Amino acid sequence: MSGAPARVKAAAPALPPLDAAALRAAISDLAHPELTAAQLRVTGSAGRWYGTAGVADRASGRPVRASDTFRIGSITKVFVATVVLQLVAEGRLALDATIQRLLPGLLPAEFPAITVTQLLNHTSGLPDEQGGLDLSTPEAIARHRHDRWTPHQIVAMLPPGPMKFAPGTGQEYRGINYVLLALLVERLTGRRYAEAIGSRILRPLDLRHTSLPGADPRIHGPHVHGYMRMTDGSLLDITEYDQTLAWGEGEMISTTGDLDRFVTALFSGDLVPPRVLENMFTLPPDSVRMLDGSPARYGAGLQTVTLNGITLWGKTGERYGYASAMFATRDQQRRAAFAFNAVRRDSTQIQATLRIAEALTKG
């Protein structure tokens, strides 16, 4: 028997205890930025807490309830990435396969080869779409809220070039990457991508409050309303909104409870085998940078942030009237799912996200 000492896995550092007062304060500030509602669910081995602020419906004044659904925007991408990695684990897809081979004729012939990994971790370098809608004012957004799109119309907005950067050499967060991945799921499974997510994730985990609305602009059942501040200062209820332009990158609806159950199963290896799941937690090489020169922060479906020495993995999401996030430490000592309803979809929203993240991680 070898005399070499056994390698012992170092224990994860203990997280600071939850500060209920700080968490309550983080969601109760509805003025910076202007919010109509907020809710936060914290779980994990290091403590649990749930709280709400504001109202789910300004017309009735009804407070937010834990079972209320809301639009989760780009958290949809994590569900899509999960199905893609399941297909990898099943041997039906290779991460280094090119989207041009898998979906022939879809992208302009001038594009260089782009791999599945490069779509998953936003290193594709695709050019900006052209010919999209003018959504520069609240009034324009409201006018287009019932527009209907197909995924092929979305992809058709890609010009033949030039690429932002050679695939794999930079990182830029792009929704079009996940429109392509959702189309790939449909090609490989022979089903609508929403059906694949339903059969592979929603039903096995009993996520009964999570849905993909498709062309239905409404949110059915008890839900939190989203509002938008108009140019004249009035608030428009923007809850009813056709999400087909978001499709595979951001159309889903859920609750904080369902998001917590999803991230628990995902991080536990219940949905994707650990050897394949590791791709979600793998960042590109150090030489790959975001366009502003900052370090890459997206793995295959997840993004990462370190605050107060605590590294979290997860995803944020937003649609008009809605913003949300789902994050956890890898060891699941701390998990958090939160949502808030900002009346302006702009850079001020980050104030609320950072305030909540600070309360979750501070000692």
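Colleague: How many aromatic pairs does the count come to?

Modeller: In this predicted model, the count comes to six aromatic pairs.

Colleague: Where do Tyr 173 and Tyr 298 lie in the chain?

Modeller: Tyr 173 is in the loop between strand 5 (170–171) and helix 7 (176–189), and Tyr 298 is in the loop between strand 9 (289–290) and strand 10 (303–307).

Colleague: Why is Tyr 298 called buried?

Modeller: Its relative accessibility is 8%, and the limit for buried is under 20%, so Tyr 298 qualifies. Tyr 173 has a relative accessible area of 27%. That value falls between 20% and 50%, so Tyr 173 is partly exposed.

Colleague: Which residue lies over the face of Tyr 320?

Modeller: Arg 345 does, at 4.7 Å from the ring centre. Likewise, Arg 58 lies over the face of Tyr 227, at 5.7 Å from the ring centre.

Colleague: What makes helix 8 largely enclosed?

Modeller: Seven of the ten residues of helix 8 (residues 193–202) are buried, so the rest of the structure largely encloses this helix. Among the buried ones are Tyr 193, Arg 200 and Leu 202.

Colleague: What covers the buried residues of helix 8?

Modeller: The cover includes helix 2 (76–89), helix 7, helix 9 (247–250) and helix 10 (256–267).

How values were computed. Residues are numbered from 1 along each chain as its sequence is written. This is a predicted model: local features need pLDDT of at least 70, side-chain atom pairs count only at pLDDT 80 or more; totals for chains, interfaces and linings use all residues. Side-chain values use heavy atoms; hydrogens and water are left out. Rings of Phe, Tyr and Trp (its six-membered ring) pair if their centres lie within 6.5 Å; planes under 30 degrees apart count as stacked, over 60 as edge-to-face and the rest as tilted. Helices (H or I, at least four residues) and strands (E, at least two) are DSSP runs, numbered from the N terminus. Buried means under 20% relative accessible area, exposed over 50%, partly exposed in between (1.4 Å probe, protein chains only). A charge sits over a ring if NZ of Lys or CZ of Arg is within 6 Å of the ring centre and within 35 degrees of the ring normal. Contact means heavy atoms within 4.5 Å.
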